[in-house]
Amino acid sequence: MAKVELVHVCKSYNGKEDVIQDLSVSIEPGEFFVLVGPSGCGKSTILRMIAGLEAITSGELLIGGIKVNGMPPSERNLSMVFQNYALYPHLTVEQNITFGLHTKKISKQEQKKRCLEAAEMLGLTDFLKLKPRQLSGGQRQRVALARAIVTHAPICLMDEPLSNLDAKLRSKMRSEIRQLQRRLGITMIYVTHDQVEAMTMADRMMVLNEGRPQQIGAPLEIYNHPSNIFVASFIGAPPMNLAKAKVLESSLLFNSERVMRLHHHLPSSQQQVIVGVRPEHIRLADTGDEYFIAEVVNVEVLGTETLITFELTKTEHWIARWSGQWNVHVGEQVPLFIDETAFIFFHEDGQRLNHPVSSYVASGEERK
Amino acid sequence: MNVLRTFLLYALLITCSVVMLFPIVYAFLISFMSGAEVLQGHIWPQEFTTANYVAAFRKVPLLEYLLNSFIVSFLVMLGQLIVSSLAAFAFVFLNFKGRDVLFFLCIATMLIPWEATMIPNFLTVQKLGWLNSYLGLTVPFFALAFGIFLLRQHFKTIPLELYEAAQVSGVSHFRFFWNIVLPLSKTSLITLGIYSFLTTWNMYLWPLLVTNNDRVRTVQIGLKQMQTQEISTEWGVVMAAVIVVILPTLLLLFVGQKHLQKGLMQGAIK
Amino acid sequence: MNTPLPVQPPASVQIRRKRTMRTTLEGITYLLPSLILFSIFLFYPMLRTMYLSVYLTDYQGNPVQFVGIENFVYLLKDVNFLQSVKATLLFVCYTVPTSVFLALCLALMANEKLKGIGLFRTCFSSTMGMSVAASSVIWMFMYNPSIGVINKVLSLFGISDVQWLLDPKIALVSVAISTIWMNTGFTFLILLGGLQNIDPSLYESARIAGVSYLYQLRKVTLPLLSPTLFFVTTVSLIHSFQTFGQIDILTKGGPMDATNVIVYSIYKDAFINYNFGSASAQAVILFFAILVVTFLQFKFGERKVHYQ
Ligand SMILES: Nc1ncnc2c1ncn2[C@@H]1O[C@H](COP(=O)(O)OP(=O)(O)OP(=O)(O)O)[C@@H](O)[C@H]1O
Ligand SMILES: [Mg+2]
């Protein structure tokens, strides 16, 4: 009943260039859907169009199967949490939480009850009489959440709600929000530019770039099978290693400097490809592996893992991620090994090449 | 629903604009009418004549008045900018004993209505022999608490690190003030400049007191003179003079509206 | 010559003291122009006004005879003075609430996001660039009983011959109306700035909650605008007590002293009748009146202000 659908939606602020171009997506009831992308790519714009705060230039927006393009925000039966929380500084926490409930014909007692309920759920009971400025960042965040909850709206929109919090609190609130959404069974549309947030919270996510949807899918699917180099480099930290390569029969030639042999024949139609590999798939060569030697240019030991930057070619550096703490020095020559099934190939224009996928998936499963 | 609201809003906005602008437009139209038409009480001139403007400049030394007003407004603007920025600089960047007391004293001056001091001021200016001189018209207004306050608010937004860096590299206070602080505060200086110019140009009571001949008389007093001398006969000429007098300030206001609004808010609220 | 001397504690203390001396001197130097000007043209004359208010003076404004509070006693018994107090208070009551209210309405309208709104903002703020003298001259003509536009329009409705500036019953109202018009520009500009300072996401949140315009105005906009409203009201109050130019041009304090507000009365006493003592006493009363009003405004008005 609270399905949100966008059909060929476009948005333009100035009537000239489109900020959002031809966006079609269907968000299922009860789903935690994340919009993720770099700053300025149009995430907020999409969310605000769904909320009704911005007009849709062309295309249709359906909520629960009904076209709502011209419907005012208050009739769309949704709640929204703003990036800066949008708490009324002159009202108490309680007044903030119950603000506007009277328009939904909810009695004073019911308002009070819902407010207490929400406050309890979020641990705000002791602060109901305080003003927002007397609260910490995390508490303010919770007040904003409570305000969204009390409306009992089946859809909740959030625009980067955690970006004003410190790292620790952020990860705590991440799981709190996720649990809350599960418990209430609401449809959540959540905007973030932080790919970690997207990966950890989403049922499904949409990666956006410059107003265009790049890929929609479950987080792991997107991580493992990025559909283009933008998604590949945006999702994952450190990002996927990418490099241009020439295809020579079954070898890859990087910048006429380094050759890697593969056991597969690559589609001969492609002369030039972009090769991608996740840092965790580059490991120290064991005996018997077909290794290659590379010079280490930087080492970051992070406690649980070690990031090793090495020279793929004179001008291109790749990063390998090894779990544990490694004693590697800058300038050392290390033998490295990449399982060829981990390679992902992109067309020069950035799109994923689909040919080898089936065989790779198959061999990937064999490995287990 | 939404269309209706927009339509209503526009209708209201236009109505209000018409009401607000009416006196100005009215004066503008009158200034192009012949004397007979004015007396008939027309609103729209049958034919536009610039005779009133010619007469306005010929009958009274309007040009001289305008020049006087420009000189006085410009001097006060300059004076206020210099005096206020020096004081604001001291209040923000120089840490010395008694600074806060002095600042409080400056702010307290805002409570003294200028009219309450005008009698002794007049006597002082008279004793100094500054009656009918630019000095008498300008110097008493050089120090302005509001200006100090406004600039202080802005200077406070300049990172202290800049000051410290200047200290470390041995730059003198005055160089720092001149080469760093002033250029960084251009917007507030412009705001204050516009404000000073506007208020001085429009000043009435003080010029009325300290001028009694045409040599230094400002346009505002000129207007009063015209209006009392020419009353009921040549309204067209008076209105032409009015238009000439308000034109510079209106232009200044339109150009500097954004600045002024932001700046005044800063001085007022924070 | 330049070998560093071993620093000894007493020397360092001395150096430090010297340095504080220097910074203090430097600070004072920067403040000197302001201090001198304030002293000569503000503090001294304020004290001098108070001093003169307890003396009888000659034509040059020199104190002649100490009379204590007699000037004040005399004023409080003087019908002319009482009339001028009444006119001032009435004038303040007519102009301040009206112009703040009107400017607020204009600012609320001009704060909407519409095409061409900048033009309307410019229109509404235009009176700020108008001098009191020019405005008064225009209004003088509009109020003209025979050829002014106001009576022309009224005559269409069958009302004729209203003596706007000559009828003691309505002269003050007429001056007040023109003053309200003159003040709107400034008040509007400040209030608009205050409205624009309000975080737009608060409005968006209210839109999603679906509250009505009036509810939003009452519960969100006005409370958040209250610091600005407070400022504007205070400034308008003070400003209104100091009205002079429009009185001088439009009515000269007449008819029958109906518009003889206090500053005009001071001006007449001092510079027309050369009665500096009495004028000074009135100036002192003006000073204290403004002080008290400002104080009351802060004491009672500020309670209703929500600072963020
Ligand atoms: N009100 C507006 N008028 C004109 N252009 C706008 C407006 N709001 C946003 N834009 C433009 O639309 C594009 C998308 O903006 P949007 O705010 O949706 O980005 P975002 O993905 O939310 O970025 P961020 O992560 O920084 O919040 C930007 O290029 C921005 O300049
Ligand atoms: Mg955004």
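What percentage of residues 85–297 of chain C is helix, and what percentage is strand? Select that span: 74% is helix and 0% is strand, and the end C-alpha atoms lie 19 Å apart. Keep in mind throughout the tour that this is a predicted model.

**Stop 1: the annotated spans**

Under "transmembrane region", UniProt (unreviewed entry) lists residues 27–47, 87–110, 122–142, 170–192, 222–241 and 279–298. Pick two of these to look at in turn. Residues 87–110 of chain C are 100% helix and 0% strand, and their end C-alpha atoms are 34 Å apart. Residues 122–142 of chain C are 71% helix and 0% strand, with 23 Å between the end C-alpha atoms.

**Stop 2: two domains in chain C**

Now colour chain C by its domain assignment, which gives domain 1 as residues 11–66 and domain 2 as residues 78–304. The C-alpha centres of these two domains of chain C are 35 Å apart. Where they touch, domain 1 of chain C contributes 11 residues and domain 2 of chain C contributes 11 residues.

Together domain 1 and domain 2 of chain C bury about 760 Å², and 76% of that is on carbon and sulfur atoms. Between the two domains of chain C there are 0 salt bridges, while 2 residue pairs are in polar contact.

To find the side of domain 1 of chain C that touches domain 2 of chain C, select α1 (9–52) and β1 (55–57), each of which supplies at least two of its residues. The largest share, 4 residues, comes from α1(C). By type, that side of domain 1 of chain C has 5 nonpolar residues, 5 polar and 1 charged.

**Stop 3: chain C against chain B**

Show chains B and C together. Of the 2 pairs of chains in contact, this one shares the most contacts. Select the contact: 90 residues of chain C touch 89 residues of chain B.

The size of an interface is often given as the accessible area lost when the parts come together. For chains C and B that area is about 7,800 Å², with 78% on carbon and sulfur atoms. Highlight C:Y30, C:F41 and C:F141: they supply 10% of the area that chain C buries against chain B, more than any other three residues.

How many salt bridges cross the interface of chain C and chain B? There are 2. Zoom in on B:K224 and C:D248, whose side chains meet in a salt bridge at 2.8 Å from N to O. Chains C and B also have 13 residue pairs in polar contact.

**Stop 4: chain C against chain A**

The contact between chains C and A takes 19 residues from chain C and 23 residues from chain A. The area buried between them is about 1,800 Å², and carbon and sulfur atoms give 62% of it. Within chain C, select C:E204, C:R207 and C:I208, which lose the most area to chain A and together make up 33% of what that side buries.

Between chain C and chain A there is 1 salt bridge. It joins the side chains of A:R48 and C:E204, at 2.7 Å from N to O. Chains C and A also have 10 residue pairs in polar contact.

Next select α8 (200–209) and α9 (213–241) of chain C; each supplies at least two residues of the side that touches chain A. The largest share, 8 residues, comes from α8(C). The side of chain C that touches chain A has 10 nonpolar, 5 polar and 4 charged residues.

**Stop 5: chain A and chain B**

Finally, show chain A with chain B. No contact joins these two chains, and their closest C-alpha atoms lie 9 Å apart.

Note on methods
Residues numbered from 1 in each chain as written. Chains lettered and ligands numbered in written order. Predicted model: local features only at pLDDT ≥ 70, side-chain atom pairs only at ≥ 80, totals over all residues. Heavy atoms only, no water. Domains from an automatic or database assignment. Contact = heavy atoms within 4.5 Å. Buried area = accessible area lost by both parts, 1.4 Å probe. Salt bridge = Lys/Arg side-chain N within 4 Å of Asp/Glu carboxyl O. Polar contact = N/O pair within 3.5 Å; in protein donor to acceptor, adjacent residues only side chain to side chain. Nonpolar A, V, L, I, M, F, W, Y, C, P; charged D, E, K, R; others polar. UniProt positions renumbered as here; feature names shortened; annotations may be inferred.
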